[in-house]
Structures are given as C-alpha cells and as structure tokens.
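Colleague: Could you take me through the strand pairing in this model, close up, and then show me what surrounds it? I would like one connected account that I can follow on the screen.

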Amino acid sequence: MYETIIIGAGIAGITAAIYASRKRMNYLFLSNNFGGQMNIAGEVENYPGIVKTTAAEFMKVLKKQLDYNKIKWKQELVKEIKKTGKNFVVKSNKGEYETQTVIICTGARPRRLNVPGEAKFAKKGVTYCAICDGPIFKGMVVAVIGGGDAGLEAVDFLDNIAKKVYLLHRGPKLTAQKYLVERVKNNPKVEVILNAETKGIYGKVAVQGLRYMQNGLEKDLKVKGIFVEIGRSPNTEMVKDLVEMDEHGHVKVSVQCDTSMPGIFSAGDCTDIHEYQYIISGGQGATALIKAARYIAGGVRNGKNNIKKN
Amino acid sequence: MVKEVKVFSTSACPWCVKAKDWLKKNKVKFADIDVGEDEKAREEMIEKSKQMGVPVILVVKDDGSEEVIVGFDEGKLKSALGL
C-alpha cells in the first residue's frame, strides 16, 4: 500500500514528487511522458530564480533535481482509478497499485477546432506547437487561430519566420494581454481578422487553406500553415466519475488543493484554477502533496473540503 | 548495421532536444539538421516523412534501406538502431 500516487509529470507532479521524496513518503510517481506541456512550450521568463530559459532546458534541470533527490519517475499510462473502501486502486498499462491518496496532476492538451479537415491535415500544415513546427513554415503565409495569450505568442514567434501571418479570432476583441496585443497591432506582417469562426481546412497532400465565417459570409484564406491556439482541454477522463468537475472537465479544487473526494488531491492545469502558469502549478503541486500527507496523518485537514457535490 | 543517422529538427523544439540527448546518451553519431535554416533539408524531411512536424529521425542502413521515425519514440529508435 502506497501513501500517495502522483499522476502526471509536468511541473505540478514534479513538485509534488520532490515534496513526497523529502517527506520520505512511500509514493509512486507515474506519467506517460516527462514534462507534460513543457514539451510543446517555448521560453520561460517568469519563474522566480530563473531569469530566462527554454522549456527544454528547464526540463533538463528538473530531471537533474529528480535524480539528486533519487526520485524514480515511472513511464506508465494510468487508465483508471477506483475507490476501494477508504483507499484507491490505480490501474496503469503496467500494473495495479493500492494507495491511501492520489494526486492528480495530469495537465491539459491543446484544444482542437473540431472542424472538417483538421484531423486529416494534422502535421501536414495543421500544428498545435508553434515553437516546434513554426520554423518549417519559413517564408510562407500562415494563419494563427486564437486571440488569447497563446495565439499572440505564436504570432510573435512566427514574425521572424513567416512571410505573412493572419490572426483569426472568434470574438470581436483580442483577449490576450495588452503588451502582446500592442505588439501584434504594430506589426505590418500581421493581419488580424476578428469575428472569424473557422469552418474547415482543405488541401491535397498538405494544407492549402481554410474557410471561415464572418458576419454571415463564408470566406476563404489561402495559407500553408495553420497554428491552432484556442486553449486547452484538461486530461481528466480517468477521474470523471470520482470527483466534481466544472463544465469543461477541470477538477474542482479548494485552496487546499483537495477535491470533492476525500483522499484525492489535484494540482496544475487539470484543475479549475484556469491560470496555466508554471509557478502556480508548482505551488499547487506542493500544496496538494502537503495536504495529502496531513490527510494521511489524520490531521485537521482530513479531506472535508469546501467542494460540494452538485 | 547503421550507416548514417540524420535528425531533422528546429532550434527550440523540446522533443527534438530530448531525442538528440537520447542519441548522445546511447553514443549514436548523428547529423543535426535545422530545417528552419536548411530549405533543402526541409523538403527532404517532408518528402521522406510525408508530414511537417519535428523531430524526424532518418536511419540509413548499410544495405541502403531507410527507416523514418516521426517524433521521439524510444522503442522505434531502439529497434531501428539495433540497440
């Protein structure tokens, strides 16, 4: 019987594992990959103590920190979590483990447009990682879909690469932070198209363009690259019958990072904090683990939280 | 036997860094090609892998046969490289 099983190896899970190890807990740390969304991220410039780095370098440092603390991360894909009495059984593709508590740090994945052609042309012009695949579109005309921070950061990154960048946004106003909006508005290479609802992506072997609706009219845009940056979907399918969630499937957590199910804690982008920042996910990871340890010890924070079942 | 290994990547792509670190750790010599800079290589990558995502790892065997691996897939790399 484990005291806790940490699921997910993004910054939330990694932080939880560091705390579990230092508390000498009997724990397991499982994830289908190391780094989570850091694998599709660019520069890190807002993490205290680190002036500027890349997500790739940041992951290397984190891996070193795990090694220093002798933390074993196991590459296993968790399929199911079941409650058995007061405890839980975590089933992965490699085994079944019983535990007193579970820390869900499963993060999120890029949200899909769900329009015709999107799946067919994935990696054939349609991409969800501007920082990875962007340079392949050097000198080409491309479109970024999404007027939030991620979308405008992608536009910024593509500025030195693409010939022209169309920025399509569904709403009447870009929702990204002010400094990003200013930068895009002052960029002659960028054309912002508002109130644009993407309807479909077409091409032959690779993408040739997209169709969108604007003010009741269907319009066509000839582009070779389409960067989809319309937010994220939480990876919470495995706990959907166990804990309370919001309407988009984020695990509802209290400030203690506990959930509606005593013994299950959660941290990071899979929760309903909706902020998507390394420092916030890390902080939640530490909180979740410490509160789980208190729960095991039968302390005051015994899992009775303020998240109510509907 | 493996004759040549090429890694098609871009400068900031985290999976590319992981793939290259893995090859180094396993003492596999490879040509590191930045498709953001090298247009011909970009075309070669798209033609061989039939897609536009990185990394792409091309393993050329002594008999001239080629194996194209899209993404960082340890299992496929091990079998292609005979590790």
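**Strand pairing and its surroundings**

Modeller: Gladly! In chain A, strand β11 (residues 141–145) and strand β17 (residues 225–228) pair in the parallel sense over 4 bridges. Helices (H or I, at least four residues) and strands (E, at least two) are DSSP runs numbered from the N terminus, and two strands pair if DSSP finds at least two bridges between them. Please keep in mind that this is a predicted model, where local features need pLDDT of at least 70 and side-chain atom pairs count only at pLDDT 80 or more, while totals for chains, interfaces and linings use all residues. Residues are numbered from 1 along each chain as its sequence is written, and chains are lettered from A and ligands numbered from 1 in the order in which they are written.

Within this pairing, V142(A) stands opposite G225(A) of β17(A). Both strands belong to an open sheet of 5 strands in chain A, ordered β10-β17-β11-β12-β13 with parallel pairing. Its edge strands, each pairing on one side only, are β10 (126–127) and β13 (190–193) of chain A. Helix α4 (residues 149–158) of chain A packs on this sheet, touching β11, β12 (164–168), β13 and β17 of chain A. The direction of α4(A) makes about 160° with that of β11(A); axes are lines fitted to C-alpha atoms, for helices over the stretch in contact, and angles run from 0 to 180 degrees between N-to-C directions.

Beyond its neighbours within four places in sequence, A16(A) is in contact with residues including I6(A), I103(A) and L289(A); contact means C-beta atoms, placed from the backbone, within 7 Å.

N114(A) counts as exposed because it has 8 C-beta neighbours inside 10 Å, and its phi is positive, about 55°, although it is not a glycine. Most residues other than glycine have a negative phi, and most peptide bonds are trans.

For a contrast in pairing, turn to chain B. There β3 (residues 56–61) and β4 (residues 66–70) pair in the antiparallel sense over 5 bridges, with E66(B) as the bridge partner of V60(B). This hairpin has 4 residues between its strands, and G64(B) takes a positive phi near 90°. In the loop between α2 (39–49) and β3 of chain B lies P55(B), joined to V54(B) by a cis peptide bond with omega about -5°.

Finally, the two chains meet: 21 residues of chain A are in contact with 14 residues of chain B. On chain A, α2 (55–68) and α3 (130–133) each supply at least two residues of the touching side.

Note on methods. A residue is buried if 20 or more other C-beta atoms lie within 10 Å of its own, exposed if 12 or fewer, and partly exposed in between; C-beta atoms are placed from the backbone.
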